[in-house]
Amino acid sequence: MQLKISHALLLALLSGNGAMAESFGTISADHGGDSRDWFTIRIDTGNATGASATFRAGKMLSNLHMQGHPKPSFTTKDVLSIDASFRSPYKPGAAPMIVEIILMPDGMSRPFWTSDQAPGPAEISFETLDLNSDPGRAVGTFSAVLCMVEELYAEPDLDSCKPISGSFETNIALE
């Protein structure tokens with residue numbers, strides 16, 4: 001969860017005065033019968049650019065992070081986050097080792113929903129995962145069971161879970 005928090009903090013810093021946000025892509029999902037759309041965004045300031053959809057190649061793991069906002073602008077509320085970790089170096093067509101999905105209706109406030117420790121693994125499938133151009137591109141689908149977490153770092157309530165499934169089509173900033 002620390003990776004998702006650091007992405008949110010970066011975007012919060014970039015979204016200050018003078019920042020311009022634009023749509024970078026979309027995420028659509030149904031969470032327990034509630035169908036919604038979110039936007040991945042790109043934020044430009046005078047001297048920095050950030051994106052809520054990124055791919056970072058690391059020494060041991062490579063991470064794809066897609067964070068959707070309810071409008072094509074930065075917010076800390078009503079955020080849907082999808083993360084997939086791959087063994088490094090990433091090889092085209094490789095399946096992720098870990099997939100985690102978090103829905104934060106009230107931001108970092110409680111409660112929120114997570115696939116971490118939920119019954120059954122979160123899944124992601126790519127129609128396109130192009131990391132050979134900048135920006136890259138990701139198109140695909142995902143599904144999971146999300147369980148409610150009453151407060152940050154608490155265990156999920158396995159008696160309060162809902163399925164989520166959806167699709168994404170977004171540019172990806174390569175870091």
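Which residues make the nonpolar surface patch of about 410 Å²? Select Met 60, Leu 61, Met 97 and Ile 98, the four side chains that form this patch; patches here are made of residues with over 30% relative accessible area and no salt bridge, like charges being joined within 9 Å and nonpolar side chains (Val, Leu, Ile, Met, Phe, Trp, Tyr) within 5 Å. Accessible areas come from the Shrake-Rupley method with a 1.4 Å probe, and for residues only the protein chains shown count as cover. Ile 98 belongs to strand β7, residues 98-104, and is partly exposed at a relative accessible area of 46%, where buried means under 20%, exposed over 50%, and partly exposed in between (1.4 Å probe, protein chains only).

Before going further, keep in mind that this is a predicted model, in which local features need pLDDT of at least 70 and side-chain atom pairs count only at pLDDT 80 or more, while totals for chains, interfaces and linings use all residues. Residues are numbered from 1 along each chain as its sequence is written, and side-chain values use heavy atoms, with hydrogens and water left out.

**The whole chain**

Switch to a cartoon view, where the secondary structure comes to one helix and 11 strands, in the order α-β-β-β-β-β-β-β-β-β-β-β along the sequence; helices (H or I, at least four residues) and strands (E, at least two) are DSSP runs, numbered from the N terminus. The protein has 175 residues, of which 41% count as buried, and it exposes about 9,000 Å², with carbon and sulfur atoms supplying 52% of that area. Among contacts with a separation of 6 or more, 60% are between residues 24 or more positions apart, contact meaning heavy atoms within 4.5 Å.

**The salt bridges**

Next, display the charged side chains and look for the three salt bridges of the structure, each defined as a side-chain nitrogen of Lys or Arg within 4 Å of a carboxyl oxygen of Asp or Glu.

Begin with Arg 36 and Asp 78, whose closest N and O atoms are 2.2 Å apart. Arg 36 lies in strand β2 (residues 34-44) and Asp 78 in the loop between β5 (61-68) and β6 (79-87), so this pair ties together parts that are 42 residues apart in sequence. Arg 36 is partly exposed at 26% relative accessible area, whereas Asp 78, at 15%, counts as buried.

Then select Glu 175 and Arg 56, which meet at 2.6 Å, N to O. Because Glu 175 lies in the segment after β11 (157-174) and Arg 56 in strand β4 (residues 53-57), the pair ties together parts that are 119 residues apart in sequence. Glu 175 is partly exposed, with a relative accessible area of 42%, and Arg 56 is partly exposed at 38%.

Finish this stop with Arg 137 and Glu 169, where the closest N and O atoms are 2.9 Å apart. Here Arg 137 lies in strand β10 (residues 136-149) and Glu 169 in strand β11, so the bridge joins parts that are 32 residues apart in sequence.

**The aromatic rings**

Now show the aromatic side chains, among which a search of the whole structure finds five pairs; rings of Phe, Tyr and Trp (its six-membered ring) pair if their centres lie within 6.5 Å, and planes under 30 degrees apart count as stacked, over 60 as edge-to-face and the rest as tilted. Phe 86 and Tyr 90 are edge-to-face, at 5.0 Å centre to centre with 80° between the planes. Phe 86 is buried at 0% relative accessible area, and Tyr 90 is buried at 18%. Phe 126 and Phe 168 are also edge-to-face, at 5.8 Å and 70°, and they link strand β9 (residues 123-130) with strand β11, 42 residues apart. To see the cluster that ring pairs build, select Phe 55, Phe 86, Tyr 90, Phe 126, Phe 142 and Phe 168 together.

**The nonpolar core**

Lastly, select Met 66, Leu 80, Ile 101 and Phe 142, the residues with the most contacts inside the largest nonpolar core, which has 31 residues; such a core is a set of buried Ala, Val, Leu, Ile, Met, Phe, Trp, Tyr and Cys residues joined through side-chain atoms within 4.5 Å. Strand β10 gives the most to this core, with five residues. Apart from this core lies another, of five residues, including Val 79, Ile 102, Phe 112 and Val 149.
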